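This briefing summarises a single-chain model for computational work. Overall dimensions come before the packing and the local features.

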Amino acid sequence: MNRVKALRVLITFIFVCCSFSAFAQGNTTNQGKEFWTAYMLHIEDNGPSEMALYITGDQNTTGKVEIADGSFQPITFNVTANQVTIVSVPKTSFLANQGKFLKGLHITAEKRVAVYAHIYASSVSGATLLLPVAVLGKDYYSINYKQESNGAEGAAYSTFMIIATEDNTQVEVTLSQTLIDGTPAGTVLSISLNKGEVYQGLSATDLTNTKIRSVGQCKKIAVFSGSSKIGIGCHDNNFTSDNLFQQVYPTASWGKNYITVPLKGRHYDIFRVFLSDPGTMLTVNGEAITAAAIQSNNVYEFSSNEPNTITANKPIQVVQYAVSQGKTTPNSCDFDLRDRGDPEMIYLNPIEQTLDHVTLYSSGYYAINKHYVNVVIKANKASSFKIDGAPYTNFTAILNGGGYAYAQIPVQEGTHYISADDGFNAIAYGFGDHESYGYSAGTNLRNLDEYITFVDPQTNTTQVNGCSGIEYKLQLVLPYQTPQIKWNFNDGSPVQVFNSPIAVPFQRDGKTLYRYDYPGYVKYPRGNYSYTATVVALTDECGSNRDIDFDFSIADYAAADFSYAPSLCSAADVIIHDRSVAEPGSITKVKIWFDFINHPESFEIFNKNEIPADSNYHHRYPPLATDAKYTVKMMVYTGEDGLCDNGAEHEITVKGNPIVSLAAVSPICEGDGPVQLVADNKDFIGDGIYTGTGITSTGLFDPAISGPGTFTITYTFIRQNGCQATATQDLVVAPLPTVDAGNDLTLLEGESVVLPAKASGSGLTYKWEPAIGLDDANVLNPVCSAIDNQRYKLTVTTDAGCASSDEIIVTVLKKPVIVNAFTPNGDGVNDTWTIKYLETYPGNTVDIYNRQGEKVYSSVGYAIPWDGRYNGSILPTGTYYYIINPKNGRKVISGSVTIIK
């Protein structure tokens with residue numbers, strides 16, 4: 001008996017959690033509870049390889065990793081929601097040869113997880129996201145590439161792996177190339193596998209177009225394709241190589257329409273289009289591809305560094321390849337030393353099957369230093385795209401792309417969350433020196449021709465999950481007519497058998513399908529369900545009876561409600577607090593219109609990972625001076641796919657905000673007096689207050705208090721309605737320069753001196769006043785040649801216009817004027833020996849002698865002139881001899897003076 005899961009699955013590489021935007025929404029993603037993989041052959045000429053599993057999920061959970069032959073003990077793991085758990089796989093799992101091995105790696109978890117497998121060594125690594133067992137199929141094609149490498153001759157191989165998920169699995173393999181054991185191309189291998197058993201096929205040439213089928217009871221199998229080491233591009237001395245490791249998509253999930261985007265920073269990429277039918281009509285960028293251009297392995301291959309649109313009338317698989325490092329053109333061996341990256345293989349997703357949000361992890365192993373995400377989205381929805389919660393709108397329209405646009409987004413190493421209001425396709429990739437990784441960010445693996453779905457009679461739409469309290473009609477779609485259907489609801493109730501059911505034929509993509517309706521309508525309470533329809537498939541090669549499973553969930557509607565502050569102002573955030581009541585964890589999306597009546601086309605969407613932890617949603621309305629009313633509407637979505645929506649709306653009044661400004665203030669210097677700031681309240685009535693360093697509440701700013709620097713002054717005005725406005729102004733207080741004109745000094749008449757001033761500050765200018773006796777009044781240290789005593793003032797000004805001053809006194813010492821006679825007779829005329837200017841010489845000495853050499857007069861300083869007396873008596877008339885020492889740089893003066901009576 002064959003079992004087909006009618007589940008719509010999103011495969012998103014690098015730890016993905018997402019929802020869909022194609023057909024009816026599905027109830028599973030790439031997350032699951034059971035996975036199979038194996039440690040594929042990996043060339044080890046750069047040292048031993050390693051294998052790791054990266055496991056993540058939306059919820060905390062536990063699980064284990066086991067190997068089918070029990071060669072290592074089960075490895076238990078714990079997953080913290082939205083975090084990555086790394087499990088190292090023991091080397092005993094390594095598949096070094098061709099053949100059958102009981103080496104399947106079995107990953108199970110209590111709750112759904114996403115699992116990513118990575119096989120790596122230095123400069124050689126490959127990785128893939130694992131597909132849960134629930135979405136595996138029975139028909140596959142291995143898609144590889146031309147097998148060449150820089151490894152040792154005969155050491156690198158094109159590879160495929162088959163893993164059985166159940167005992168007694170029969171597999172038929174039609175080889176496209178000769179295997180390394182000599183089994184020739186064209187041979188049909190019949191392989192019997194038990195649960196966890198792996199068959200690894202190896203060839204020295206490209207195994208693309210090797211057909212792999214589960215036959216007999218058609219039990220599910222996991223298939224992987226790749227290479228133990230491969231180079232892509234011109235095979236020369238610079239032919240760097242990498243391994244490839246990808247889980248293959250079941251043929252039933254392939255699409256017909258693809259858009260490709262070049263890998264950022266590379267000279268070119270190679271693309272392979274694999275045809276499921278040799279008679280497929282294929283077009284690339286609107287041009288029909290002739291049958292002669294299709295290779296014998298059903299592949300059309302081309303290279304490009306531009307976006308491409310690929311369409312077909314039958315299912316196809318498109319694969320994008322990164323080339324070896326340094327390769328510049330497909331048909332030459334020109335080499336670019338600046339190029340970084342190495343071979344990689346990425347299975348692309350058709351635009352029929354998209355996603356609307358996904359979590360990506362951009363890995364740095366090994367030595368990856370540039371990371372990107374390529375996105376393809378409908379051009380009219382590109383404005384809704386976000387990365388890590390921030391809008392990203394740098395999209396480019398695709399010529400002849402049917403209304404689609406693309407972006408190549410650089411990102412940092414680590415976790416990233418991307419979302420949009422509509423479906424998109426994405427790949428994540430990165431490059432380093434001889435390193436690369438690349439993954440499809442998501443795809444839908446639903447069997448498009450054989451499935452069970454709900455029909456909502458109110459909307460006549462199909463879906464694979466539902467809401468409580470709604471009546472649904474069960475509908476079965478088959479690619480053939482069946483004489484009998486057995487419905488088993490797996491709840492203990494009797495199986496219901498319907499013979500000769502009525503089939504309603506319809507056309508899809510040129511194929512006739514048949515619709516069978518379960519009689520009546522069914523209303524379900526909240527819960528998870530698993531139904532099975534067993535049909536008689538008279539034309540099916542896998543047996544006469546065929547089980548089609550339908551796993552679905554029913555969610556309760558949320559009791560939507562929100563609150564808001566009673567007083568709202570247009571210049572402040574309006575905070576909407578979500579008060580909705582729902583089953584914990586069931587809310588998958590919140591949609592809010594902040595002006596529903598006037599702008600129903602404008603809204604914000606918050607997917608599950610974007611819903612704020614405090615349930616507060618912030619919005620800023622345009623500032624208005626008058627009150628305005630807005631209708632706020634909130635829709636709360638619950639269930640696997642957000643099908644169950646319930647809303648609430650309230651009319652809110654947002655009060656008008658005042659508008660204020662501050663008048664400009666002229667530049668301020670540190671030494672200036674207080675400055676009064678002036679606010680313009682635009683005739684609004686209310687009260688204002690100033691705050692900031694150096695300012696009073698009434699707006700008087702004192703630079704003496706603030707000191708120099710830049711100070712932000714805030715003026716807050718509160719209108720009578722309680723709404724406030726603020727205006728800020730940065731006041732710059734420029735520092736005063738420092739200046740020291742120097743100590744007062746003396747100058748001998750006729751000589752010069754440099755004034756010893758000092759100053760500091762920014763962009764200084766100088767001015768000495770008066771300029772008399774100075775060689776330059778506009779320099780810091782002019783040369784002074786004053787002839788009279790002078791008080792000089794130095795003013796120093798900064799480039800901000802701030803000035804400081806200091807003074808210096810220059811005393812000019814004139815040459816003493818000495819008379820040679822005086823008449824001390826008491827008549828009041830020439831009674832003393834007056835020496836003009838001598839009193840200006842501090843510390844001068846005067847000594848006078850008679851003819852006998854006796855000192856008759858001596859003084860230090862000459863404040864009181866000599867009156868001709870010695871010991872109180874007038875000396876006799878005669879000639880006397882003097883020695884005058886003015887000091888202060890002046891030479892000693894000697895001579896004679898005569899007393900006349």
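Contact means that heavy atoms lie within 4.5 Å. With that criterion, and not counting residues up to four places away in sequence, Ala648 touches Ala560, Asp561, Phe562, Val632, Lys633 and Met634. The model is predicted, so that local features need pLDDT of at least 70 and side-chain atom pairs count only at pLDDT 80 or more, while totals for chains, interfaces and linings use all residues. Residues are numbered from 1 along each chain as its sequence is written, and side-chain values use heavy atoms, with hydrogens and water left out.

**Overall form**

- The chain contains one helix and 77 strands; these are DSSP runs numbered from the N terminus, with helices being H or I of at least four residues and strands being E of at least two.
- The radius of gyration, taken over C-alpha atoms, is 48 Å for the chain, whereas a compact globule of 901 residues would have a value near 29 Å. The globule rule is 2.2 Å times the number of residues to the power 0.38.
- Along the principal axes, the C-alpha atoms fill a box of roughly 170 × 75 × 55 Å.
- Of the contacts in the chain with a separation of 6 or more, 69% are between residues 24 or more positions apart.

**Surface and charge**

- The chain exposes about 38200 Å², of which carbon and sulfur atoms supply 49%; accessible areas come from the Shrake-Rupley method with a 1.4 Å probe, and for residues only the protein chains shown count as cover.
- Buried residues make up 52% of the 901 residues. Buried means under 20% relative accessible area, exposed means over 50%, and partly exposed lies in between (1.4 Å probe, protein chains only).
- The chain carries 63 positive and 89 negative charges, whose mean positions are 1 Å apart. Lys and Arg count as positive and Asp and Glu as negative, with His and the chain ends not counted; each charge is placed at NZ of Lys, CZ of Arg, CG of Asp or CD of Glu.

**Nonpolar cores**

- A nonpolar core is a set of buried Ala, Val, Leu, Ile, Met, Phe, Trp, Tyr and Cys residues joined through side-chain atoms within 4.5 Å.
- The largest nonpolar core has 72 residues, of which Leu53, Ile162, Val173 and Ile212 touch the most other members. Strand β9 (residues 105-121) gives the most to this core, with seven residues.
- Beyond four places in sequence, the residues that Leu53 touches include Val65, Ile86, Ile107, Val115 and Tyr116.
- A second, separate core of 27 residues includes Tyr472, Trp487, Ile548 and Ile554.
- In soluble globular proteins, nonpolar side chains tend to be buried together.

**Residues within strands**

- Ala648 is located in strand β52 (residues 644-655) and counts as buried because its relative accessibility is 12%. Ala648 and Pro315 are 333 residues apart in sequence and 44 Å apart in space, C-alpha to C-alpha.
- Gln320 belongs to strand β24 (residues 308-322) and is buried, with a relative accessible area of 1%. Gln320 and Tyr347 are separated by 27 residues in sequence and by 6.5 Å from C-alpha to C-alpha.
- Leaving aside neighbours within four places in sequence, Gln320 is in contact with residues including Val261, Leu263, Ile270, Phe271, Ile346 and Ile427.
- Thr795 sits in strand β67 (residues 790-797). Leaving aside neighbours within four places in sequence, Thr795 is in contact with Thr765, Tyr766, Lys767, Ala803, Ser804 and Ser805.
- Thr795 and Gly492 are 303 residues apart in sequence and 104 Å apart in space, C-alpha to C-alpha.

**Loops and backbone geometry**

- Asp339 occupies the loop between β24 and β25 (344-347) and is buried, with a relative accessible area of 4%. Not counting residues up to four places away in sequence, Asp339 touches Gly265, Arg266, His267, Ser324, Gln325, Gly326 and Lys327.
- A cis peptide bond, with omega about -10°, joins Glu769 and Pro770. Pro770 lies in the loop between β65 (765-769) and β66 (783-784).
- Asn285 is not a glycine, yet has a positive phi of about 55°. Asn285 is placed in the loop between β21 (282-284) and β22 (287-288), and counts as partly exposed at 35% relative accessibility.
- Asn490, also not a glycine, has a positive phi of about 50°. Asn490 lies in the loop between β38 (484-488) and β39 (496-499), and counts as partly exposed at 43% relative accessibility.
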